[in-house]
Amino acid sequence: MVGGPGKSGSPLSTPIPSFADNDGWYDSVSDGPVSATLRIGGQTQPVIPAWVLVTVPRYAPGMYGVVTWYDQAVSMARTREDGIFDRPRTTSFVHDIYPILRRADNLSGVHSVAHSNGGLRPLSDAARIESFESPSKRMALLKRLTPIATEATDAQELPPDQTMPDLFSGANPDPNGPAFTYLSLTRYQMAHVENWAHGNFVDDWDGVPPVPAPFEDIPVDRQAWALTEAALEACVGGPFYPGIEGTYDMARLATYHPESNLRRELRINPAHSAGFLTEKMALPWQADFADCGDFWWPSQRPDDVTTQLGDSVRWDRGVTGRARNAHLNMVSFWSQLGFVTLDQDTGKFIEVERNFGTAIV
C-alpha cells in the first residue's frame, strides 16, 4: 500500500484563513477499505477486509503519545454494545504500566515545559520505579490522573490542579456527554493503572526496559496483529480538535466492527464508506500543523527541540511564529523540517535532517 505524497494545493489559489476548514483546498490525507482474493491450491479462502489510513507525517518517530489510537481501539474492543466494559483481569508492570510512564517522560524531548506528567520528573527511571514499590506512591500517582470524561468549558484548556496528562482539552467522543473534556487515559489504560495502584499486578520488572521482539520471532498467526498494533501505537489518541491522524471517531464504538470477535481484532465497521476516518480532519493538514503547537500532540508535531549543537530552539522556527503566511509556509516547507530522534550516545532526543533556513516569510 503506497500512500499519498503529502501534497496539498488549491486549484484557484484560495487563501488559508483557518486552521481547520478551508474551502478550495485538497490534500492527500485519506482512508478506506482494502480487500483481497486469496487462492491456495485453486481454492478461494475467506478474507476479512482491512482498512488503510494515509495520514500526516510523524516528526518524532521514536516517541508515542501518552494515549495512542491503539489504546483507544483496545478500549472500544473491550466495550459491549450495552456499554459494559470488560476490565483487564491481570496487569503487567512491564507491558501495561511502564510504557505509559516512559511515554510521558519522553515528551520532555519535544517540549521545554516537560508538561507531560504535571511536573513529576521523571516517572520511568530506576529510582522512580523503585519508589513505586510503595503502595502510597502508586496511589498518589493514580490520584493525579485526570478522571475519564471530566468536563472542560472549551477546547484548548489545560487541566486544573496539575492533573495528568497535562495536554489540551478537546471534543468529547461521547455525544451524550459534555461537548468538551480534558484528555485522560482510556478506560483500558486506567483499569491497568488502578490494578497496579491497588497491588493487583505482576511485578515483572527486572530493571531493563523491554525490547520489542523481532518480527520474524512473532508467531505467524499473530504477525498481522503485530503490524496493526505497531501502526496504531504510532498514532495519537487525543486530544481531538479535530485531531492529528484521526478524530474522536477512533474513540466511538460505532467506528469498529459490530461483531465482537472482529472488534477484538480492531476491525473497522465495513458499513462505513471510504474517507470516514479522515473526513473531519483539518484541510489542508498543514494549516493545523502550523497553528496547533504546544500542548496538543508534541509526540507527532514537536514544539521545542535540541539541535545537534545542543541549542534549544523551536521546531517550527522560520515557518510559523511571527511569519505572516504561516499556513502557506507549512504547505511549502513541511518536508524540510527536522525529525527528532534518540541519540544513542547521549540518550537524549535531538533534531536531525532539517534543511530549511530561518527566514520568516
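**Surface patch and aromatic contacts**

L38, I40 and V47 form a nonpolar surface patch with about 240 Å² of accessible area together. The model is predicted: local features need pLDDT of at least 70 and side-chain atom pairs pLDDT 80 or more, while totals for chains, interfaces and linings use all residues. Residues are numbered from 1 along each chain as its sequence is written, and side-chain values use heavy atoms, with hydrogens and water left out.

**Nonpolar patch**

- Patch members have over 30% relative accessible area and no salt bridge, and nonpolar side chains are joined within 5 Å; a salt bridge is a Lys or Arg side-chain nitrogen within 4 Å of an Asp or Glu carboxyl oxygen.
- Areas come from the Shrake-Rupley method with a 1.4 Å probe.
- V47 lies in the loop between β5 (43–45) and β6 (50–54), strands being DSSP runs of E of at least two residues and helices runs of H or I of at least four.
- V47 has a relative accessible area of 34% and is partly exposed (buried is under 20%, exposed over 50%, partly exposed in between).

**Aromatic rings**

- Rings of Phe, Tyr and Trp (its six-membered ring) pair if their centres lie within 6.5 Å; planes under 30 degrees apart are stacked, over 60 edge-to-face and the rest tilted.
- This rule gives 17 aromatic pairs.
- The Y241 and W296 rings are stacked because their centres are 6.4 Å apart and their planes at 10°.
- Y241 lies in the loop between α6 (220–233) and α7 (260–263) and W296 in the loop between α8 (285–291) and β9 (304–306), so the pair ties together parts 55 residues apart in sequence.
- Y241 is partly exposed at 34% relative accessibility, whereas W296 is buried at 3%.

Terms used:
Patches are made of residues with over 30% relative accessible area and no salt bridge: like charges are joined within 9 Å, nonpolar side chains (Val, Leu, Ile, Met, Phe, Trp, Tyr) within 5 Å. Buried means under 20% relative accessible area, exposed over 50%, partly exposed in between (1.4 Å probe, protein chains only).
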